[in-house]
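Here is a short briefing on one protein model. Look through the sequence and the structure first, then read the points below.

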Amino acid sequence: MSTTIDHLRGQLADDLRTAGELGDVEALRVKYLGQQGLITGVVRGTDFSTLDADARREVGKRISGLKTWAEAEIGAALAEAEARAARARRRGMVDLTLPGTGARPGSLHPVTQTQMFLEDVFQSMGFRVETGFEVEEELYNFDALNIPGDHPARDMHDTFWLEDGRLLRTHTSATQVRAMRMHGAPLRAVFPGRCFRCEATDASHETTFHQFEGLMIDEDVTVSTVLAVMKALLEKVFGREVTVRLRPGYFPFVEPGFELDLQCLICGGAGCKVCKRTGWVELMPCGMVHPNVLRAGGLDPERYRGFAFGLGLTRLAMMNFSIPDIRLLGTGDLRLMDQFPAVL
Ligand code: DAH
């Protein structure tokens, strides 16, 4: 008898060790303590009439001891399996009453922010936005812009040439003739985008940078249109009255070409550190579109005239956000980006 009891104890202990799920433990309860269960069977199968009083007491005690032990062990295993199941259920649930962890908001790159702002201003004045192509044909980047193969201006554009004869555009002016051919005249468009030049890098030079080109073509565009439109645009950009002036400049695709200066917004023209005591800040090159360029765009230079300007978008973003080194902008370092949360 006692070997049966010891054996059952051992067997149940083994069974409990491998029963992980609530259902397994419940099955063990039935197996040992159910009506047809093994322990119940021992109680039922013992013929107490063959035992004397002492033995009867002894056997009765041992059997009920086993039963009590089994009930406690199985009960504890049931409770534990139930708690485990509840924990697993909770893991799959969303508790809306818990305090949130707070999603980290992303931010737009300072150049993107500046670009979007400028696009809004220009679009409000009827300009369309064309991004053009970063991989460009020699024709659009140079020849159609009055920069033939032997033109010295090509030396200024340290070009990344591709094996198939195409190139990475060196300036957004490359989109001018494409836009003329696509949309004809009259035309008002801006061309923001990434440009590439194979040059040594330093705090203000990178092989990759952004420009923001503008083009306006109509029958009655003159140099005074350049001044009027740029003044109006810059007033929208800076939110205050500005004074601009033109100085002569040279670019093969404009004639005449200019440098547009902005009267220093810090000192109002009196002269300060920012404007190097001149009262003026050089802002962007521009000019009247060269007749050859209009012709390349399929437009009649006798009928249409245009002006174009090339804004250094990266440079403007750096000025706008006081970023001291252009090389920081290409790193994608979130510690930098996080400092310029987008105002959308
Ligand atoms: N594309 C010129 C550059 O990258 C900048 C420029 C000059 C653009 C004069 C213009 C312009 O539209 O009229 O150096």
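Helix 2 passes helix 4 in a left-handed crossing, where left-handed means that the near helix is turned anticlockwise from the far one by less than a right angle, and right-handed means clockwise. Helices (H or I, at least four residues) and strands (E, at least two) are DSSP runs, numbered from the N terminus. The model is predicted: local features need pLDDT of at least 70, side-chain atom pairs count only at pLDDT 80 or more, and totals for chains, interfaces and linings use all residues. Residues are numbered from 1 along each chain as its sequence is written, and side-chain values use heavy atoms, with hydrogens and water left out.

**Helix 2 and helix 4**

- Helix 2 covers residues 22-33 and helix 4 covers residues 53-91; they pack at an angle of about 165 degrees, with axes 9 Å apart.
- Axes are lines fitted to C-alpha atoms, for helices over the stretch in contact, and angles run from 0 to 180 degrees between N-to-C directions.
- The two helices, helix 2 and helix 4, are therefore roughly antiparallel (under 35 degrees is roughly parallel, over 145 roughly antiparallel, 65 to 115 roughly perpendicular, the rest oblique).
- Residues making the contact (heavy atoms within 4.5 Å) include Leu-22, Val-25 and Leu-28 of helix 2 and Ala-70, Ile-74 and Leu-78 of helix 4.
- The contact of helix 2 with helix 4 has 10 nonpolar, no polar and five charged residues (Ala, Val, Leu, Ile, Met, Phe, Trp, Tyr, Cys and Pro count as nonpolar, Asp, Glu, Lys and Arg as charged, and the others, Gly among them, as polar).

- Seven strands form an open sheet in the order 1-4-5-9-8-7-6, with mixed pairing (two strands pair if DSSP finds at least two bridges between them).
- Strand 1 (128-129) and strand 6 (244-249) are at the edges with a single partner strand each, so one side of each has no neighbour in the sheet.
- Strand 7 (residues 254-263) pairs with strand 8 (residues 280-289) in the antiparallel sense over eight bridges.
- In this part of the sheet, Asp-261 stands opposite Glu-282 in strand 8.

**Helix 5 and helix 9**

- Helix 5 (residues 110-123) lies across strand 1, strand 4, strand 5 and strand 9, at about 5 degrees to strand 5.
- Helix 5 packs with helix 9 (residues 223-238) at about 135 degrees, with their axes 10 Å apart.
- Helix 5 and helix 9 are therefore oblique to each other, and their crossing is right-handed.
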